[in-house]
Amino acid sequence: MSLPRIAIDAMGGDEGVRVMIEGAALARRRHDRFKFLLVGDEERIKAALQDHPNLRASSEIIHTDGVISGEDKPSQALRRSKGTSMGRAIEAVKAGDAGAAVSGGNTGALMAIAKLTLRTMPGIDRPALAALLPTLGDNDLIMLDLGANTECDSRNLVQFAIMGAAYARVATGRSQPRVRLLNIGTEEIKGTELLRDASAILREAAKDLAISFDGFTEADKMARGDVDVVVTDGFSGNIALKAVEGTARFVADLLRRSFASSLRSKIGFLISRPATELLKHHLDPNNHNGAVFLGLNGIVVKSHGGANAAGVANAVAVTARLLEERVTERISADLARVGESSLWMPGQQEERA
């Protein structure tokens, strides 16, 4: 069974057309159900497709002259989005010509254009950016928000938790994802009032949802593998994500330097190479590529700007699985199960009234 077409912003990312087309072609070789809309400079896309006849046969090209650059502010991108590869890819989702869009371009611009074009789902105040992070457990961890919303209230965090849990059921296969709020400690008295309110609401909402919620987790515990979804605001989440990425690069560089320090170390490297290759694979961000904007009326996936072809292929695979598992419908069903009034503390309900 074929899936809805996936719109690829072929001009997005650090290397643009070459990597995006190679990534889509690799994804197509792995899964022949995939079909694509390739959006961007038609001449350059056709040239890149010469080496990928299988992708060419399963794709349609939409020509655009405009490109959103990494330096464009979201407000600038919004004003000229209609003539750009990023804007047209998202428009294709809205029009029903594609089931989802993938872009490696400017994250802020992608968020702004996607939110304006697709709008947020009923029951969701703000979309959130969610990504997969490696752990020592059997599956990756889903963390959100990673930068879409620098300031959040308790209701936003609860909505993020519901969306993250729906995504976790798809990504991990776990029927009751283990959800935690990121905090400076695990005790109930720790953290801001906002976090404690969100925890209280989630404990109550968990009775109507297929989730396991047990309060807070700390950043140093995220990689253990005993949590499936970590929820935080976009400011803290983005800092945590970059700290994780920086630590991974530090470990890889430190190992590389250590093994090159002497002849004995080089011999040790040859002996331990299977283990170091496994570590390299686990820490490579390309193997976890594909951040998702959850909460929109349509699926939009952000590929890392520096991703290689394998990374882009992984982002496409994430997109396809979200389409196949109907994650948007799952989120809507969970929101309906909890109910609007359940997402507010008693005092907040009075203020809203």
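**Exercise 1.** Where is arginine 326, and is this residue buried or exposed?

*Solution.* Start with the place: arginine 326 sits in the loop between α11 (309-324) and α12 (327-338), where helices (H or I, at least four residues) and strands (E, at least two) are DSSP runs numbered from the N terminus. The model is predicted: local features need pLDDT of at least 70, side-chain atom pairs count only at pLDDT 80 or more, and totals for chains, interfaces and linings use all residues. Residues are numbered from 1 along each chain as its sequence is written, and side-chain values use heavy atoms, with hydrogens and water left out.

Next, take the accessibility. Buried means under 20% relative accessible area, exposed over 50%, and partly exposed in between (1.4 Å probe, protein chains only). Arginine 326 has a relative accessible area of 54%, so this residue is exposed.

Last, check the backbone. Phi of arginine 326 is positive, near 50 degrees. Most residues other than glycine have a negative phi.

**Exercise 2.** Which residues of helix α5 are buried, and what covers them?

*Solution.* Helix α5 spans residues 85-95, and its buried residues are Ser85, Met86, Gly87, Ala89, Ile90, Ala92 and Val93. The elements covering these residues include β1 (6-9), β2 (36-40), β4 (100-103), α6 (107-118) and β11 (299-302); contact means heavy atoms within 4.5 Å. After α5 comes glycine 96, with a positive phi near 85 degrees.
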